[in-house]
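These are my notebook entries on one protein chain. I record what I looked up, entry by entry.

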Amino acid sequence: MGDYFLAVDIGASSGRHILGTIKDGKMVIEEIYRFENGMIKKHGHLYWDAAALANEIIAGMKKCKEIGKIPVTMGIDTWGVDYVLLDSAGEIAGNVYGYRDSRTQGMDEEVCRLISPEELYMRSGIQKMPINTVYQLMAAKLAEPEVLKRAETFLMMPDYFNYVLTGIKKSEYTNATTGQLVNAAAKDWDRELLDRLGLPEKLFLPLTMPGTDVGELK
């Protein structure tokens, strides 16, 4: 056997760690670890337990070590549209909302006051859905402006878990596109759109392409 490569795939109801290696010219994969996931309902809202998910990622990595199959590299994938805000100390600011939370009701109308659905689609190339990040951030702007003011960094969920493991903050392009905030032509955050929506541009890090090294385990 050669080197091992770890893929951590987290969905809305479960997550799994898949190890891959090359044997006789073919990819061989095996599931190493699996865990449950789900939104938590509290005070009438739906949240993700980001800390618990980070612990599950680490638990699966420890399982690789236990069986003597330590990967040389790993990648983390999750569902789209949801995000984490970090404060100046690198801690989570506010709550980590789930995309099914009701706070986005009516936010499409609020966004439409600032940009038409047609133009938003033309700029992003992403289908309008109430769960999209653009509507979630509008809800945050209107209902929790103090959180946005305190926040220093915006990270999509996979980027947040990469940050937990490495201490390095990076924003990956493909996951970022799910939120309708990336300009499809420029392949970067739509800075003009952010300004029109009244969202703090400082939150959004430069986008990196898939396959970019984030960093080493801290």
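**Entry on Phe-161.** Phe-161 belongs to helix α6, residues 157-166. Helices (H or I, at least four residues) and strands (E, at least two) are DSSP runs, numbered from the N terminus. I then listed the contacts of Phe-161, leaving aside neighbours within four places in sequence: Ile-10, Ala-50, Leu-53, Ala-54, Ile-57, Ile-76 and Thr-78. Contact here means heavy atoms within 4.5 Å. I also checked Phe-161 against Glu-36: the two are 125 residues apart along the chain, and their C-alpha atoms are separated by 17 Å.

**Entry on the source.** I note that the model is predicted, that local features need pLDDT of at least 70 and side-chain atom pairs count only at pLDDT 80 or more, while totals for chains, interfaces and linings use all residues. Residues are numbered from 1 along each chain as its sequence is written, and side-chain values use heavy atoms, with hydrogens and water left out.

**Entry on the cores.** I looked up how many residues the largest nonpolar core has. The number is 30, and those with the most contacts inside this core are Leu-85, Val-111, Phe-154, Leu-181, Trp-189, Leu-197 and Phe-204. A nonpolar core is a set of buried Ala, Val, Leu, Ile, Met, Phe, Trp, Tyr and Cys residues joined through side-chain atoms within 4.5 Å. At least two residues of this core come from each of β7 (83-86), α2 (107-112), α4 (133-143), α5 (145-150), β8 (153-156), α7 (173-176) and α8 (191-197). Helix α4 gives the largest share, six residues. Apart from this core lies another, of 28 residues, including Ala-50, Ala-54, Val-81 and Tyr-160. In soluble globular proteins, nonpolar side chains tend to be buried together.

Beyond its neighbours within four places in sequence, Val-111 is in contact with Leu-120, Val-134, Tyr-135, Met-138 and Leu-197.

**Entry on the cysteines.** I searched for disulfides, that is, pairs of cysteine sulfur atoms within 2.5 Å, and the count is zero. Cys-64 is buried, with a relative accessible area of 0%, whereas Cys-112 is partly exposed at 40%.

**Entry on positive phi.** Most residues other than glycine have a negative phi. I looked at two residues with a positive value. His-43 has a phi near 55° and lies in the loop between β4 (40-42) and β5 (45-47). Gln-180 has a phi near 70° and lies in the loop between α7 and β10 (182-183).

**Entry on Glu-146.** Glu-146 sits in helix α5. Glu-146 is partly exposed, because its relative accessible area is 47%. I compared Glu-146 with Gly-94: they are 52 residues apart in sequence and 9.1 Å apart in space, C-alpha to C-alpha.

**Entry on Ile-22.** Finally, I looked up Ile-22, which has its place in strand β2 (residues 14-23). With a relative accessible area of 44%, Ile-22 is partly exposed.

Terms used. Buried < 20%, exposed > 50% of the residue type's maximum accessible area, 1.4 Å probe, protein only.
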